[in-house]
Amino acid sequence: MITAGIIGGSGYTGGELIRILLHHPAIEIDFVYSTTRAGKPLVSAHADLLGQTELNFTGDVNVNVDIVFLCLGHGNSTKFLQEHPFSANTKIIDLSNDFRLQADANFNGKHFVYGLPELNRTHIENAQYIANPGCFATAIQLALLPLAKAKKINAAVHINAITGSTGAGVSPSATSHFSWRNNNVSWYKPFTHQHLGEINESLTSLQEDTNELFFLPNRGNFTRGILATAYTHFKEPLEVAQELYTQFYWHARFTQVAKEPIHLKQVVNTNQCHIHLHKHENTLLITSAIDNLLKGASGQAVQNMNLMLGLEEDLGLNLKAGVY
Ligand SMILES: NC(=O)c1ccc[n+]([C@@H]2O[C@H](COP(=O)([O-])OP(=O)(O)OC[C@H]3O[C@@H](n4cnc5c(N)ncnc54)[C@H](OP(=O)(O)O)[C@@H]3O)[C@@H](O)[C@H]2O)c1
């Protein structure tokens, strides 16, 4: 068995990783590190794991573990790696944005590969260190990569995306408080969201002169999932766009191009991204839907791990949507 460690295991992405890895046929969870729950059972943070594991959180780190997942907030991964030098053989997957941008990808002699399999599969297969993409960044890139590859982002792109409350992590805040969030919708960080950096780097790697992106993120009153819509000028017939997307995602295990309009529930609790295309006059509307905690975080991290270890890409990831 390959041994895995999880850092930040009492949080949301850490919890999702535990759930996936407990049932992954090639992985044994070696330790789940916590700063606040060392010695307590995992079930103390994740009540749904009752009867599934006897593991406790620990304050000790096995630096010789085969693979480690960092599920920490911005800046904490860098700090954690400085304080805990893992063995040269340990593979690292970081879920924060510490190493996603090219300017941040080299750290202490380690090179972090941007872990979006639909863009970087071969590099991921040969990588030892992965910077896992952001959740909005995943949904938006998957909506736009085929257009960029065909060099057809030739006008501004307007993007509107709505996320569930788990996107903000486990610590309660004013905007995740039930009384505020329930029956409510609001936007935040208009046109300046931090994921624009990684989205732009990926798109310009395919189309150097990619046009400007206007991104409006929204908070939804549901717990998980991201529905993103992007539209831009596109003169050619819808069939041309459909062919571009179908070809681009031909071999993608987890990204599907749907013929019918899509909705969020068809992907929640899965590692899938569903994409739909619609044309109105000279405007192309692209819709994408993911689960922010799975394809947007922990599911994609396990997909990357499978590729790095030479395992089947979907091992442990055949999950069922909660459609009703
Ligand atoms: N939530 C999402 O949908 C999502 C999607 C994509 C990417 N991400 C990224 O993934 C990372 C984790 O997100 P999350 O939603 O799982 O966050 P979270 O729910 O807030 O969990 C983070 C956990 O990290 C631990 N922690 C906090 N400060 C620490 C420190 N200084 N050193 C070590 N551990 C510390 C805490 O656990 P203990 O108290 O047990 O130590 C905390 O529960 C973030 O960078 C986030 O941006 C999140």
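Visitor: How do the residues of the shell around the ligand divide into nonpolar, polar and charged?
Guide: This is a predicted model. The shell has 8 nonpolar residues, 15 polar and no charged.

Visitor: OK. How many residues surround the ligand, and which are the closest?
Guide: There are 23 residues around the ligand. The closest are S10, S34, T35, T36 and L72.

Visitor: What does the side chain of T35 do with the ligand?
Guide: An N or O atom in the T35 side chain is 2.5 Å from an oxygen atom of the ligand.

Visitor: And the backbone of Y12 and G11, how far from a ligand oxygen?
Guide: For Y12, a polar backbone atom is 3.0 Å from an oxygen atom of the ligand. For G11, the distance is 3.5 Å, again from a polar backbone atom.

Visitor: How much of the ligand's accessible area does the protein cover?
Guide: The protein covers 80% of it. On its own, the ligand has 890 Å².

Visitor: New topic. Which pocket is the ligand's space?
Guide: The ligand takes up the space of the largest pocket.

Visitor: Which helices supply at least two residues of the shell?
Guide: α1 (12-22) and α8 (294-308) each do.

Visitor: And which domains does the shell draw on?
Guide: Domain 1 (2-132 + 297-308) and domain 2 (135-290) each give at least three residues.

Technical notes:
Residues are numbered from 1 along each chain as its sequence is written. This is a predicted model: local features need pLDDT of at least 70, side-chain atom pairs count only at pLDDT 80 or more; totals for chains, interfaces and linings use all residues. Side-chain values use heavy atoms; hydrogens and water are left out. A residue is near a molecule or strand if one of its heavy atoms lies within 4 Å of it. A polar contact is a pair of N or O atoms within 3.5 Å; within protein, one must be able to donate a hydrogen and the other to accept it, and residues adjacent in sequence count only if both atoms are side-chain atoms. Accessible areas come from the Shrake-Rupley method with a 1.4 Å probe; for residues, only the protein chains shown count as cover. On a 1 Å grid over the protein atoms alone, a cavity is a set of points where a 1.4 Å probe fits but cannot get out, and a pocket is an open set with protein on both sides within 12 Å along at least five of seven lines; lining residues have an atom within 4 Å of a point. A molecule sits in a cavity or pocket if more than half of its atoms lie within 2 Å of its grid points. Helices (H or I, at least four residues) and strands (E, at least two) are DSSP runs, numbered from the N terminus. Ala, Val, Leu, Ile, Met, Phe, Trp, Tyr, Cys and Pro count as nonpolar, Asp, Glu, Lys and Arg as charged, and the others, Gly among them, as polar. Domain bounds come from an automatic or database domain assignment.
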